[in-house]
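Subject: Structure handover

Hi,

Please open it alongside the text and follow along.

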Amino acid sequence: MKINKLELYNFRCFKDYSLDLSNYRFSLLIGENGSGKSAILDALAVAVGSFLLTISNIKSTDKRHISKDDVRYEELVFGQAIVKEEADLRDTIVWASGIINNEKIWWARTKDSKTTRKHAKNITELVNKLAREKTSLNTLFPVIAYYSTGRLWKLLKETDKQTQSPTSRFDGYRDCLNPASDQKRFFRWFKTQEIAALQKQE
């Protein structure tokens with residue numbers, strides 16, 4: 001999975017912004033504080049969240065949507081008073097194009113009273129096709145991980161580090177767009193692998 005282009009309309013600090021991402025393995029964002037680097041990462045999380053829309057065993061809170069805080073506003077100064085005027089909700093759009101499973105596709109998420117998926121049909125149909133073939137070892141799913149600055153200080157609630165029983169392939173997408181760190185699941189997975197290796201004397 002690779003996102004090649006991102007277009008933002010009335011998203012955070014961007015009224016109308018387009019970004020072509022690098023054809024190489026990494027894209028590096030450089031800018032002053034408050035210039036919109038985190039906004040671009042959050043917009044990418046919204047775009048990537050479209051991949052999770054139709055996966056049934058993923059909680060709704062794990063699927064990143066456009067929040068009310070993502071809607072762009074302008075500050076208007078009237079004498080000594082500052083007024084924040086939001087853009088029309090329907091004009092807040094995150095548009096993306098890229099390659100998933102060797103197919104070129106585009107999709108968009110828009111904000112109404114909630115984040116709509118009517119323009120995300122291309123990606124949801126592709127995911128549904130992959131989901132039907134999930135029992136095949138030849139079906140590959142992308143690794144999705146979102147590391148916002150929130151991971152520096154926010155951790156998901158710790159639980160006992162027990163072993164992890166066999167689960168669905170889609171369980172790896174739980175909390176993948178959550179800005180908090182999830183070390184407990186990693187430790188459970190690692191402990192399970194360690195016990196399996198010991199049992200096989202590897």
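In which helix does threonine 124 lie? Threonine 124 lies in helix H2. Before going further, please note that this is a predicted model.

Threonine 124 has a relative accessibility of 10%, so it counts as buried. Leaving out residues up to four places away in sequence, threonine 124 touches Ser50, Leu53 and Thr54.

The length of H2 checks out. H2 has twelve residues, and at 1.5 Å a residue they should span 16 Å. The C-alpha atoms at the ends of H2 are 17 Å apart, which agrees.

Which residues of H2 are buried? They are Ile123, Thr124, Leu126, Val127 and Leu130. What do the buried residues of H2 pack against? They pack against strand E5 (93-100) and strand E6 (103-111).

**Leucine 130**

Leucine 130 is also in helix H2. Its relative accessible area is 2%, so leucine 130 is buried. Setting aside neighbours within four places in sequence, leucine 130 is in contact with Phe51, Asn101, Thr139, Leu140 and Phe141. Take leucine 140 from that list. Leucine 130 and leucine 140 are ten residues apart in sequence, and their C-alpha atoms are 8.2 Å apart in space.

**Aromatic pairs**

How many aromatic pairs does a search of the whole structure find? The search finds five. One of them joins phenylalanine 141 and phenylalanine 170. Their ring centres are 5.1 Å apart. Their planes meet at 75°, and planes over 60 degrees apart count as edge-to-face, so this pair is edge-to-face.

The pair links distant parts of the chain. Both phenylalanine 141 and phenylalanine 170 are in the loop between helix H2 (121-132) and helix H3 (183-199), 29 residues apart. The cut-off is under 20%. Phenylalanine 170 is buried too, with a relative accessible area of 5%.

Phe51, Phe141, Phe170 and Tyr173 form one aromatic cluster.

Lysine 84 lies over the face of tyrosine 73, at 4.3 Å from the ring centre.

**Aspartate 70**

Where does aspartate 70 lie? Aspartate 70 is in the loop between helix H1 (37-49) and strand E3 (73-78). Its relative accessibility is 1%, so aspartate 70 counts as buried. The side chain of aspartate 70 reaches the backbone nitrogen of serine 67 at 2.9 Å. Not counting residues up to four places away in sequence, aspartate 70 touches Asn10, Phe11, Arg12, Arg64, His65 and Thr92.

**Two positive phi values**

Most residues other than glycine have a negative phi. Asparagine 102 has a positive phi of about 65°, although it is not a glycine. Asparagine 102 lies in the loop between E5 and E6. At 77% relative accessibility, asparagine 102 counts as exposed.

Glutamine 201 has a positive phi as well, near 55°. Glutamine 201 is placed in the segment after H3. At 75% relative accessibility, glutamine 201 counts as exposed.

**The whole chain**

How many helices and strands does the protein chain have? Its secondary structure comes to three helices and seven strands. From the N terminus on, the elements run β-β-α-β-β-β-β-β-α-α. Buried residues make up 37% of the 202 residues in the chain. Now take the contacts between residues at least 6 apart in sequence. Of these, 60% join residues at least 24 apart.

If you have time for one view, start with H2. Look at the side that carries Ile123, Thr124, Leu126, Val127 and Leu130, which are its buried residues.

Best wishes

How values were computed: Residues are numbered from 1 along each chain as its sequence is written. This is a predicted model: local features need pLDDT of at least 70, side-chain atom pairs count only at pLDDT 80 or more; totals for chains, interfaces and linings use all residues. Side-chain values use heavy atoms; hydrogens and water are left out. Rings of Phe, Tyr and Trp (its six-membered ring) pair if their centres lie within 6.5 Å; planes under 30 degrees apart count as stacked, over 60 as edge-to-face and the rest as tilted. Helices (H or I, at least four residues) and strands (E, at least two) are DSSP runs, numbered from the N terminus. Buried means under 20% relative accessible area, exposed over 50%, partly exposed in between (1.4 Å probe, protein chains only). A charge sits over a ring if NZ of Lys or CZ of Arg is within 6 Å of the ring centre and within 35 degrees of the ring normal. A polar contact is a pair of N or O atoms within 3.5 Å; within protein, one must be able to donate a hydrogen and the other to accept it, and residues adjacent in sequence count only if both atoms are side-chain atoms. Contact means heavy atoms within 4.5 Å. The expected span of a helix is 1.5 Å times one less than its number of residues.
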